[in-house]
Amino acid sequence: MLHSVARIPLANYLRCCTSTANLRKVPPRSGVASPHTVGEHCCPFSTAHSLQVHQLTSSPPTSPQHHHHQTTHPLASINTQVRACSNQCKGGTTTASTMESNPSGSTAGAKKEPKFTNRLKQEKSPYLLQHAHNPVEWYPWGDEAIQRARDENKLIFLSVGYSTCHWCHVMEKESFESEEVAKIMNEHFINIKVDREERPDIDKLYMMFILLINGSGGWPMSVWLTPDLAPVTGGTYFPPKDRWGMPGFTTVLTKLANKWATDKENLTTTGRSVIEAIRRNVDQKRTEEVEDPTGVETLETKFKQAINIYQRNYDPVWGGSLGAPKFPEASKLNLMFHLHVQEPKHKVLGVVLNTLDKMAAGGIHDHVFGGFARYSVDKKWHVPHFEKMLYDQGQLLSLYANGYRLTRKPLYLAVGDAIYRYLCKDLRHPAGGFYSGEDADSLPTAESTDKIEGAFYAWTYAEVKEIFQQHASKFGDLGKVDPMDVFAEHYDIQEAGNVETSSDPHGHLLGKNILIVYGSVRETADKCDATPELVERILRVGNELLHEVRDKRPRPHLDTKIICAWNGLVLSGLSQMACVKDAPARSEYLATASELVKFIRAHLYDVQARKLLRSCYGGSEETLASERPIYGFIDDYAFLIKGLIDYYVASLDEHALHWAKELQDIQDALFWDPKHGAYFYSEANSPNVAVRLKEDHDGAEPCGNSVAAHNLLLLSDYFEEERLKDKARTLFDYFAHTTPFGYVLPEMMSAALLEEHGKNTLIVVGPESAEAAALVDAVREFHIPGMIIVQLKIDQPAHIERRRKSLDNFKMVKNMPTAYICHNKVCHLPVTEPERLTEEFQPRYTFDYLEYEN
């Protein structure tokens with residue numbers, strides 16, 4: 001989360017700017033892991049030393065799924081370094097009462113009146129509603145709770161999570177549903193629940209604190225704050241009682257209450273010093289870096305460094321980064337596409353293609369009906385953490401679409417189309433927006449009371465065989481070929497199950513199978529004495545049958561929150577798919593993207609305030625807004641603007657491009673730091689936000705500053721406004737000392753490459769016609785980073801043309817629609833045949849995937 005980004009690292013600030021009595025370096029101990037951590041989304045995070053605000057002593061357990069760096073903290077021997085729903089979380093059971101799609105959290109089918117109801121009942125967030133009937137007197141984040149903490153001079157207990165978070169459900173069941181625990185919480189603390197997806201500004205600020213004192217973080221995040229919102233200590237998941245070498249939640253609560261009663265001034269002073277250190281870290285650049293710009297690496301050096309890092313960290317067998325767990329890391333893969341297009345001689349494309357292949361073959365990919373889980377717990381992409389998040393679907397939709405545009409490999413188009421089918425069937429609101437995600441846990445049967453992870457997706461050999469036998473006629477004439485033999489061979493379905501014990505420590509998948517492909521259709525055909533065509537039919541029909549059966553199982557909880565930023569990512573993905581000229585469902589992709597733009601404009605944009613909303617709430621035909629609107633953050637603007645630009649390229653709808661420009665102007669007014677440069681994450685004067693942060697790394701989602709750099713460069717060209725390009729250059733300067741730049745900020749490095757090497761522009765002049773469209777399609781079907789496309793429709797009123805006087809010189813040739821290709825304002829001779837454009841771009845932007853296969 002934190003890097004040396006042209007300003008003093010927060011670690012140094014905390015060491016030198018807070019009381020050394022309460023904040024000091026932890027001495028290394030034998031047997032303790034080195035002080036590196038994995039951040040929120042498996043992004044490397046490091047401070048120079050492990051830090052503390054108060055000292056803790058007991059040591060947490062570790063497991064293949066839960067490895068955390070140990071730290072100590074002297075507050076009554078309370079260890080905060082415990083497991084949570086971070087990128088490494090897996091396991092445990094939860095009851096239906098904590099996770100049912102019913103937002104109240106009641107058991108499926110239960111009608112009895114809940115015993116408790118708190119203020120969260122009035123909220124719209126599915127996560128907050130899940131806690132509305134806890135005995136804890138929860139408040140949402142806001143003035144009422146914070147003012148009460150100040151009036152009563154109590155510590156605030158801040159609990160942050162999200163509705164599809166497995167360990168959030170566990171902690172709720174164990175602690176927040178306990179009347180004994182609630183009594184302690186209600187007596188000594190003001191208790192606040194935050195949905196991290198709804199209020200990422202609050203989550204990011206206090207997660208920064210957790211990462212600093214503990215070395216790693218995750219969800220649920222548990223932080224104790226002074227009434228002036230300064231953090232004093234915290235952790236992630238706590239068991240209800242002392243166990244696993246960890247203090248129980250009640251132990252933590254009791255000791256903190258005593259500490260606040262007896263040493264309030266010490267805690268308050270320490271908390272304030274931490275907040276002040278964070279604030280100064282954000283506000284101030286490194287003096288020596290400003291004075292010595294020669295220390296900045298050149299882009300060429302950063303380019304070579306990125307190539308070396310990605311090739312060194314690459315798993316040549318299974319793709320992705322070495323080791324486990326494995327995440328898609330879309331921003332890094334996008335950069336590698338760009339690096340390869342820039343200099344194919346490095347052959348970094350093989351890293352991306354093998355990763356896309358292995359992800360598509362793995363259990364992280366839902367072979368039955370499409371879509372991807374967040375990550376796999378093993379190095380083979382086999383056993384996933386089963387929650388499916390919208391931000392992953394949107395980014396992977398783009399990745400597979402662009403993989404196809406670069407290689408024409410049919411697999412990538414098929415995977416992208418399957419993601420699209422999943423999105424439309426299971427995550428789409430009737431009006432066109434997309435929900436946040438689906439939970440990992442579900443009931444094994446309708447009669448079950450305990451939910452377990454992966455129940456919806458796992459199969460026994462006997463289940464699959466029975467389904468195939470009952471529907472044998474649907475396979476058609478197979479001759480002597482047994483469809484079960486073919487299906488089991490291709491997806492590694494075993495009678496004893498195919499999940500390794502190390503990937504299933506709680507035994508929930510014992511005897512079960514997670515579909516994975518180790519070979520190819522042809523290899524399966526050879527082993528089963530069948531033709532490839534017959535194998536493909538069996539796989540298609542078999543997955544259709546399993547899908548029908550699976551849809552009758554109890555579904556995982558659906559988070560019906562509709563987040564602006566993540567819908568922007570999906571808009572980009574749909575638009576990239578709609579650029580694929582030979583995609584059978586191309587018109588569907590474009591129509592869905594068009595409906596999404598209309599949905600966002602209608603439900604996620606406040607016309608009076610001229611601001612985006614962070615989220616609205618679905619679950620029915622009616623789309624609900626919060627009574628206390630949460631306005632958008634930097635990523636809501638940046639991701640949507642990128643989506644609108646991508647949609648414009650796919651549709652040539654100039655209204656979308658002009659809205660993107662309007663939103664960019666709003667973003668600049670709300671978030672830009674005129675003193676130091678770069679965008680803050682939240683607006684100025686946001687209520688109850690102690691510090692405005694600046695995101696400085698690309699993780700599971702790219703950061704808003706990285707995406708904004710792309711947007712500024714493209715909009716600068718479209719509208720010929722040099723000030724936008726100047727802002728992008730200021731961004732590059734601000735983050736210039738980030739190292740390794742291409743690994744920490746891959747999306748921004750891609751933008752920097754565009755600025756350094758220039759962009760291609762296609763200008764098509766002529767009336768709107770099939771011939772003009774063919775010229776655009778001839779270029780649009782290639783993945784060309786930063787491609788600018790302008791269609792001068794001489795038979796329609798001008799839009800972009802009014803902003804671009806330089807376009808006056810482009811005319812039709814022989815009264816036919818005419819294309820001009822320009823690079824850095826130098827244009828080639830005009831062409832009127834699409835084939836000529838294909839001949840020009842194909843050699844540079846199309847690669848033979850067979851050359852890069854293992």
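Author: In this predicted model, the buried residues of α5 are H166, W167, C168, H169, V170, M171, E172, S175 and F176. Helix α5 spans residues 166-176 and is mostly covered, with nine of its eleven residues buried. Buried here means under 20% relative accessible area.

Helix α6 covers residues 179-188, and its buried residues are V181, A182, I184, M185 and N186. An α-helix has 3.6 residues a turn, so residues three or four places apart point the same way. The buried residues of α6 pack against α5, and also against the strands β4 (138-140), β5 (155-161) and β6 (189-195) and the helix α8 (249-262).

The largest pocket holds about 1600 Å³ of space. Its lining is made up of 48 residues, and those nearest the centre are L411, A414, V415, H490 and V521. By type, the lining of the largest pocket consists of 24 nonpolar, eleven polar and 13 charged residues. Helices that each supply at least two lining residues include α13 (349-361), α15 (410-426), α17 (483-491), α18 (521-527) and α19 (532-550). Of the contributors, α15 gives the most to this lining, with nine residues.

Definitions and conventions:
Residues numbered from 1 in each chain as written. Predicted model: local features only at pLDDT ≥ 70, side-chain atom pairs only at ≥ 80, totals over all residues. Heavy atoms only, no water. Buried < 20%, exposed > 50% of the residue type's maximum accessible area, 1.4 Å probe, protein only. Helix = DSSP H or I, 4+ residues; strand = E, 2+ residues; numbered from the N terminus. Contact = heavy atoms within 4.5 Å. 1 Å grid on protein atoms, 1.4 Å probe; cavity = no way out; pocket = protein on both sides within 12 Å on 5 of 7 lines; lining within 4 Å. Points joined across faces, edges and corners; volume = space filled by probe spheres on them. Nonpolar A, V, L, I, M, F, W, Y, C, P; charged D, E, K, R; others polar.
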